[in-house]
Amino acid sequence: MIKPLALAAALLITPLSAFANNFIEGTHFTQVSDKASSEPKLTEFYSFYCHNCFYMETNYLPGIKANLNPKITFDSKHVDFMNSAIGTEVMRALAAIQSVDTQQQALTHAMFAAIQGEEGADGHDHSAPGHKHESLINNRDDIKKVFAKFGIDGAKYDELADSKSTNEKLALWRTQQQQFRVESVPAFIVNDKYAINLGSIKTVDELNGLINYLAIEKDVPAPKSAGGSLAWFFLAFAAAIGLGRQKRLLAK
């Protein structure tokens, strides 16, 4: 009786212990906040000017999102590394993209391409010596031209870009960029609490495993009742045996 029960208890906690052994705090992830989000979530911080971000968006992000635990929501935020007028306008462009009902992915890709050139989708770094590329985005009017290709005219774009919700988003993005210590992109933050150290990740499967672990299992308390319940079970079982023996002795 004891061995099967003990085995069942061990199997119950195996997923947690296995993940804990595979992923090490300080190596694979870093805690950046003491307070976690109320629901599991993955947030990507990126920049339309970052060639690694464009490459991530095109080649890896669809697979990452497809393999998230269904309980995990996904969000993206633009960093403010430039701290300039055009940098703010580009941030507003992402907020505007997130405000439309359709073609968000296509619009995102179009913004990347307008700034970096279509080759950026394959990881081409236009900032490298001899590979200079002139961005097509230099002001709001240039951004409007991108959106116009998707049926969003200038007036509608102004409405989206200057809305209260957009202003609130930009304020939040800037605050969280500092709060989560985002210093390079792309960056992934899980549950508003853990930053993934991408340099330590070797495969997309490993990345997905880490995201799912941090979002769903990392902060789940170990089942205290498992050992305690079994201990009480064994005590009760022993007491029942003792009582049975006592009754048989009295019967004699």
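Reply: The model is a predicted one.

The helix to look at is α5, which spans residues 140-148. Its buried residues are Arg140, Asp142, Ile143, Lys144, Val146 and Phe147. Buried stands for under 20% relative accessible area. Charged side chains are therefore on this list along with nonpolar ones, since Arg, Asp and Lys count as charged, and Ile, Val and Phe as nonpolar.

What lies over these residues?

The N-terminal end of α5 has a cap, asparagine 139. A side-chain oxygen of asparagine 139 is 3.1 Å from the backbone nitrogen of aspartate 141.

The elements that give two or more residues to its lining are α3 and α4, together with β2 (41-46), α2 (51-66) and β3 (73-78). Helix α2 supplies the largest share, four residues. The lining has 15 residues in total, and Glu57, Lys65, Phe74, Ser76 and Thr108 are those nearest the centre of the pocket. Sorted by class, six of the lining residues are nonpolar, five are polar and four are charged.

Further along the chain, some backbone details deserve a note. Most residues other than glycine have a negative phi, and most peptide bonds are trans. The loop between α7 (164-179) and β4 (187-190) holds proline 186. The peptide bond that joins valine 185 to proline 186 is cis, with omega about 0°. Arginine 181 is in the loop between α7 and β4 as well. Although arginine 181 is not a glycine, its phi is positive, about 55°.

Asparagine 191 also has a positive phi of about 55° without being a glycine. This residue is found in the loop between β4 and β5 (194-196).

How accessible are these two residues? Arginine 181 has a relative accessibility of 48%, so it counts as partly exposed. Asparagine 191 counts as buried because its relative accessibility is 7%.

Definitions and conventions
Residues are numbered from 1 along each chain as its sequence is written. This is a predicted model: local features need pLDDT of at least 70, side-chain atom pairs count only at pLDDT 80 or more; totals for chains, interfaces and linings use all residues. Side-chain values use heavy atoms; hydrogens and water are left out. Buried means under 20% relative accessible area, exposed over 50%, partly exposed in between (1.4 Å probe, protein chains only). A polar contact is a pair of N or O atoms within 3.5 Å; within protein, one must be able to donate a hydrogen and the other to accept it, and residues adjacent in sequence count only if both atoms are side-chain atoms. On a 1 Å grid over the protein atoms alone, a cavity is a set of points where a 1.4 Å probe fits but cannot get out, and a pocket is an open set with protein on both sides within 12 Å along at least five of seven lines; lining residues have an atom within 4 Å of a point.
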